[in-house]
Amino acid sequence: RGALFLGPGGAGERQRSGVGSRTMSASIYSTKVDAESAMTTNGRDVELLPFVNDKHGGVIIEMTTPMDPQLFSASLKSLLSKWREQGIRGVWIKLPISLANLIQSAVEEGFWYHHAEETYLMLAYWLPNTPHTLPVNATHRVGVGAFVMNDKREVLVVQEKSGVLKGLGIWKFPTGVVEPVKFSAQDMGKI
């Protein structure tokens, strides 16, 4: 993540920021991925799962048709390996209730429950060997932004490390979201 202080004349000096912040979008725009219907793994054909790339460097698998759990597991293992090599970060699986028989296979691969709605379960997995930055299920979001000016009247601007503005060379005010915190009754008495 880079930071730039813009002075009154507009010129600036680039500085590296040691403080990371995370930004998330409440919506997911995705692009469909055309893939072959099968791929070979360990000498046998494995059916590919239907997925789309999301705008945050991840993929979304949206299951709609029944599949044998063992075939699902083999396909999932193969794709996770491929995506790890490609630098994919977050993987989501949307399973309708009618395909609940696939939940165990996904959990055994390391997926966790993200959220459930009336008609489906959403599972999530983080591929990099880093703490995940996947958003919690949306109930509400509190966004933050900062306007920072130093005594030289220079304004702090940053470039996004991830998200839709990543790599576009766009400078902006620092922004992010406030992560939810769980409080106990004892914590509430200290506030």
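Residues are numbered from 1 along each chain as its sequence is written. Because the model is predicted, local features need pLDDT of at least 70 and side-chain atom pairs count only at pLDDT 80 or more, while totals for chains, interfaces and linings use all residues, and side-chain values use heavy atoms, with hydrogens and water left out.

Let's begin with helix α1, which covers residues 69–86. Helices here are DSSP runs of H or I with at least four residues, strands are runs of E with at least two, and both are numbered from the N terminus. How far apart are the end C-alpha atoms of α1? They are 25 Å apart, which agrees with the 26 Å that 18 residues should span at 1.5 Å a residue. That expected span is 1.5 Å times one less than the number of residues in the helix.

At the start of α1, a side-chain oxygen of D68 comes to within 3.0 Å of the backbone nitrogen of Q70. That's a polar contact, meaning a pair of N or O atoms within 3.5 Å; within protein, one must be able to donate a hydrogen and the other to accept it, and residues adjacent in sequence count only if both atoms are side-chain atoms. After α1 comes G87, with a positive phi near 85°.

Several residues of α1 are buried, among them F72, L76, L79 and W83. Here, buried means under 20% relative accessible area, exposed means over 50%, and partly exposed is in between, using a 1.4 Å probe and protein chains only. An α-helix has 3.6 residues a turn, so residues three or four places apart point the same way. A74, also in α1, counts as buried because its relative accessibility is 14%. The C-alpha atoms of A74 and S105 are separated by 9.3 Å, though the two residues are 31 residues apart along the chain.

What about the largest nonpolar core? It has 25 residues, and M63, W83, V91 and I93 touch the most other members. At least two residues of this core come from each of β7 (59–62), α1, β8 (90–96), α2 (103–108) and β10 (120–126). The biggest giver is α1, with five residues. A nonpolar core is a set of buried Ala, Val, Leu, Ile, Met, Phe, Trp, Tyr and Cys residues joined through side-chain atoms within 4.5 Å. In soluble globular proteins, nonpolar side chains tend to be buried together.

## Charged pairs

How many salt bridges does the structure hold? There are three, each being a side-chain nitrogen of Lys or Arg within 4 Å of a carboxyl oxygen of Asp or Glu. Here they are:

| Pair | N to O distance |
|---|---|
| E62 and K94 | 3.7 Å |
| E109 and K77 | 3.8 Å |
| E160 and K172 | 2.7 Å |

E62 is partly exposed at 38%, and K94 is partly exposed at 24%.

E109 forms a salt bridge with K77. E109 lies in the loop between α2 and β9 (112–116) and K77 in helix α1, so the pair ties together parts that are 32 residues apart in sequence. K77 is partly exposed, with a relative accessible area of 46%.

E160 pairs with K172, and both lie in the loop between β12 and β13, 12 residues apart. Are these two buried or exposed? E160 and K172 are both buried.

## Loops and surface

Q159 is found in the loop between β12 (155–158) and β13 (175–178). With 16% relative accessibility, Q159 counts as buried, and its side chain reaches the backbone oxygen of G169 at 3.5 Å.

G58 sits in the loop between β6 (51–54) and β7 and is buried, with a relative accessible area of 3%. The C-alpha atoms of G58 and G90 are separated by 4.5 Å, although these residues are 32 residues apart along the chain.

R153 is in the loop between β11 and β12 and is exposed at 55%. Its phi is positive, about 65°, although R153 is not a glycine. Most residues other than glycine have a negative phi.
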